[in-house]
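Subject: A structure for you to explore

Hello,

Here is the structure I promised to pass on. Please open it next to this email, and then read on for what turned up in it.

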Amino acid sequence: MDTSKLFRLDDRVALVTGGSRGIGKMIAAGFIAQGARVYVSSRKAAACEETAAELGPNCIALPQDVSTVDGCRALAAALAEREERLDILVNNAGAAWGVAFEDFPESGWDKVMDLNVKSPFFLTQSLHALLKAGGAGQRPAKVINITSIDGQRLNPWETYSYHASKSALIYLTKRLAARLVRDGINVTSIAPGAFASDMNKAARDHGETVARGIPAGRIGTDEDMAGTAIYLASRAGDYVIGETITVDGGLVHASLGTSIDA
């Protein structure tokens with residue numbers, strides 16, 4: 001048994017949506033460090049170009065808005081013009097919306113559910129042929145959905161569509177895994193906790209305060225997120241299918257609940 005290259009991604013082709021910043025950028029940087037060629041996509045072309053310039057020649061900007069089915073198909077077509085296969089797809093693009101129950105708008109429901117649930121499905125569907133080509137060799141292709149601990153437990157905020165969407169994506173991961181494994185494509189998900197990002201402004205701006213409520217005593221780092229994604233994307237994770245890995249410093253599974261003495 002040779003484990004020296006267990007986590008390497010040499011010659012692998014990856015696409016990371018929402019890859020120009022935050023968790024997507026952490027994952028893209030980790031993949032590149034392990035030898036992959038990574039396409040980063042988001043709706044902001046300038047941000048994609050900036051990230052590609054920062055991460056080096058193995059990072060290629062491929063901007064596209066994937067909030068619609070047409071956008072998903074356009075991104076798949078653009079990638080197909082450049083690559084004959086796709087080894088790793090990270091469905092990371094997402095949105096959140098927090099408004100009081102009485103005022104929660106239809107627009108806040110539809111935007112979040114479309115981007116967080118519908119888009120991962122239809123982008124994976126649009127890239128099916130390229131992913132099958134990636135999984136046609138000795139190693140499976142990988143689809144990694146970025147879910148959230150908010151799909152596993154409640155947070156204090158009134159983020160109704162976000163909670164629903166991330167819970168739905170965890171179960172969509174299982175359903176896609178059951179179908180796509182026959183095509184040499186493994187589907188998994190990562191449920192992040194507190195990582196500093198534009199979406200998680202509390203962790204970004206008040207990390208020390210947030211850390212007090214986390215069993216590990218800190219918020220997540222770039223290495224925490226990249227390491228988990230590399231594991232799932234690499235040979236090391238080839239036997240993991242349909243699973244959601246929670247990366248949150250123990251918040252969901254190692255927090256002690258309050259008790260009331262009789």
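First, a term you will need: a residue is buried if its relative accessible area is under 20%, exposed if over 50%, and partly exposed in between, using a 1.4 Å probe and protein chains only. Please keep in mind that this is a predicted model, where local features need pLDDT of at least 70, side-chain atom pairs count only at pLDDT 80 or more, and totals for chains, interfaces and linings use all residues. Residues are numbered from 1 along each chain as its sequence is written, and side-chain values use heavy atoms, with hydrogens and water left out.

**The whole chain**

The chain has nine helices and seven strands. Both are DSSP runs numbered from the N terminus: helices are H or I with at least four residues, strands are E with at least two. Of the 262 residues, 48% count as buried. The radius of gyration is 18 Å, which agrees with the value near 18 Å for a compact globule with 262 residues. This radius is taken over C-alpha atoms, and the globule rule is 2.2 Å times the number of residues to the power 0.38. Along its principal axes, the C-alpha trace spans about 60 × 45 × 35 Å.

**Helix α2**

Which residues of α2 (residues 45–55) are buried? They are Cys48, Thr51, Ala52 and Leu55. Looking down the axis of α2, you will find them within an arc of 100 degrees, so they line one face of the helix. The arc is that of the directions from the helix axis to the C-beta atoms. Ala46, Glu50, Ala53 and Glu54, on the other side of α2, are exposed. The cover over the buried residues of α2 includes α1 (22–33), β2 (37–41) and β3 (59–61). After α2 comes Gly56, with a positive phi near 100 degrees.

**Strand β6**

Now turn to β6, where eight of eight residues are buried. In a regular strand the side chains alternate between the two faces of the sheet. Here Ile185, Val187, Ser189 and Ala191 point one way, while Asn186, Thr188, Ile190 and Pro192 point the other way. β6 runs parallel to β5 (residues 141–146), joined by six bridges, and parallel to β7 (residues 244–247), joined by four. Strands pair if DSSP finds at least two bridges between them. β5, α6 and β6 form a right-handed β-α-β unit: with the strands pointing away from the viewer, the path from the first strand over the helix to the second runs clockwise.

Asp183 sits in the loop between α6 (160–180) and β6 (185–192). Is Asp183 buried or exposed? Its relative accessibility is 18%, so Asp183 counts as buried. Beyond residues up to four places away in sequence, Asp183 touches His128 and Lys132; contact means heavy atoms within 4.5 Å. The side chain of Asp183 makes polar contacts of 2.8 Å with the side chains of His128 and Arg179. A polar contact is a pair of N or O atoms within 3.5 Å; within protein, one must be able to donate a hydrogen and the other to accept it, and residues adjacent in sequence count only if both atoms are side-chain atoms.

Ser161 is in helix α6 and is buried, with a relative accessible area of 0%. Leaving aside neighbours within four places in sequence, the contacts of Ser161 include Trp97, Phe104 and Trp109.

Enjoy exploring!
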